[in-house]
Amino acid sequence: MHPPARPSNRLSAARRSLTSTAPAPSPGPRSTSIVKPRRKRARFLKTIAQNILDIGDGLIERCMMESGLPRPRLEGERGRTVGQLRMFADVVRNGDFMGVRIDPAQPERKPLPRVDLRLRQIGLGPVAVFGASNFPLAFSVAGGDTASALATGCPVIVKAHSAHPGTAELVGRAVQKAVKDCGMPEGTFSLLFDSGRDIGQGLIKDNRTKAAGFTGSRGGGTALMKLAAARTEPIPVYAEMSSINPVLLFPNALKNRGEAIGKSFVQSLVLGAGQFCTNPGLVLAIDSPDLDKFIEAASAALKETAAQTMLTPGIFKTYESSVLKAGDHAAVTCTERGLATKGENQGQSALFVTTAEAFRKSHDLQEEIFGASSLIVHCPSLDAMLELVESLEDQLTSALHIDEADYADAKRVLPALECRTGRLLVNSFGTGMEVGHAMVHGGPFPSTADGRSTSVGSLAIYRFLRPVSYQDLPDALLPDALKTENPLGLNRRIESPYRRQAATGRLRLHASR
């Protein structure tokens, strides 16, 4: 798939192809959403999913060659990619994402009458999506950012990641075919390639871009945020950046299940060569013989783990230098390394131990190491553990391993974790993520650019929407979603003295209760 000479050409094409749902005159130049009937848009998303499946084994083989990731991992990721496209198709068909609210006029209200107010959510406009290195399918060309943006009716311009261009092209052609097969406007989807930063920076600076989705390093995410903030019209950048995902081990859980927790911890740590944004990079626990048994079990399991090929030479070099730096710290002990490497760019897993005092004093020990490396911190007491939690940067995930006898202690820590975490887990680890309606993959800065949002789950659609209120518009000029007859059959919130309106039927006045 060859990119156009100028990315702005596709943005212009998207703008020219816009239509309105209302019979009113055509929208002005700032209206940039592709507004199509919901069923057609839902069919479009499902067609993308099917087209990706139709690529067959060639997609998996190409992705394996470019990323070094194993077949089972990529087959699972393909399933997740297809699943979230289908989920957003259902969200579009349902229509609740429009968030329709109606406050009917009350001309008899005293001392002043109330105007008629109606609200719906509309797409922001063209969205720039940056493919991720560590998820060549689920967070890339047709990943969650693209799916949620297309679901709102926004045109999408994807900047392919240079680590897997062939994979990007195969998926891009699947999306392009769905655009044609479903009769979507030409500017609905674009895919651009660039081995540097010019295209990405250009997308953020272009005044026709209205939002961006990014998964990657903190440096890359904050750079895009600065570019977006410096524009004449600043735009939101939804960047998922860095997290060390603390794991808190409580005394009774360690006493009763310490060895088993240690083994499952290592399984999570080395998954995908540790190249997950939810990788368990930090363990906090109260010093005890039971913690020693956990460390022994984890070290024994880690010792048998094979080195794994990392995504790119650059990521491998950064991982190696970070591990060497951690091992050279005066207050840090390396308890175990995985099996030695047998090829190029293979990351050897690592497990380190330090004290609460050393961790508190050294900011370097609190930085993310992108790879299969984790740091265990011995805490002298629960108070010391809570103090460390309160000193941490904000996170994507936090995990508590507890038994019922630990509940009282866990209650003391939970408020601090809630303030710093997007997803709290009990007796599991952050790796592995359900794509559903209640999922949050996000967290306060610096784990993400905006902790009020998520990049996984149906709630992600709201990143690329904004509310518009319509006051005293005649019914003939209202968008269909807001018309009194409810021609789209939407669930709508009708304020008192009206009741909530179901998906069918007119507004009917009821006596206030």
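These legends walk you through several close-up views of a predicted model.

View 1. Let us start with Cys 182 and Cys 379. Are they buried or exposed? Cys 182 has a relative accessibility of 4%, so it counts as buried. Cys 379 is buried as well, with a relative accessible area of 0%. A disulfide is a covalent bond between the sulfur atoms of two cysteines. How many disulfides does a search of the whole structure find? The answer is 0.

**View 2. Ser 373 and the residues around it.** Ser 373 belongs to strand β14, which covers residues 373-379. With a relative accessible area of 3%, Ser 373 is buried. Which residues does Ser 373 touch, once its neighbours within four places in sequence are set aside? Its contacts are Leu 269, Asn 279, Gly 281, Tyr 319, Val 323, Ala 350 and Phe 352.

**View 3. Arg 118 paired with Asp 116.** Side chains of opposite charge can pair when their charged atoms come close. The structure holds 19 salt bridges, and one of them joins Arg 118 to Asp 116. Here the closest N and O atoms are 2.9 Å apart. Are the two partners buried or exposed? Arg 118 is buried, at a relative accessible area of 7%. Asp 116, at 11% relative accessibility, counts as buried too, because the cut-off for that word is under 20%.

**View 4. Arg 463 reaching Asp 145.** In this salt bridge, the closest N and O atoms of Arg 463 and Asp 145 are 3.0 Å apart. Where do the two residues sit? Arg 463 is in the loop between β16 (421-426) and β17 (465-471), while Asp 145 is in helix α5 (residues 144-152), so the pair ties together parts that are 318 residues apart in sequence. Arg 463 is buried, with a relative accessible area of 3%. Asp 145 is buried as well, with a value of 5%.

View 5. The side chains of Glu 495 and Arg 493 form a salt bridge, with an N to O distance of 2.8 Å. Glu 495 has 26% relative accessibility and counts as partly exposed. Arg 493 is likewise partly exposed, with a relative accessible area of 38%.

Conventions:
Residues are numbered from 1 along each chain as its sequence is written. This is a predicted model: local features need pLDDT of at least 70, side-chain atom pairs count only at pLDDT 80 or more; totals for chains, interfaces and linings use all residues. Side-chain values use heavy atoms; hydrogens and water are left out. A disulfide is a pair of cysteine sulfur atoms within 2.5 Å. Buried means under 20% relative accessible area, exposed over 50%, partly exposed in between (1.4 Å probe, protein chains only). Helices (H or I, at least four residues) and strands (E, at least two) are DSSP runs, numbered from the N terminus. Contact means heavy atoms within 4.5 Å. A salt bridge is a side-chain nitrogen of Lys or Arg within 4 Å of a carboxyl oxygen of Asp or Glu.
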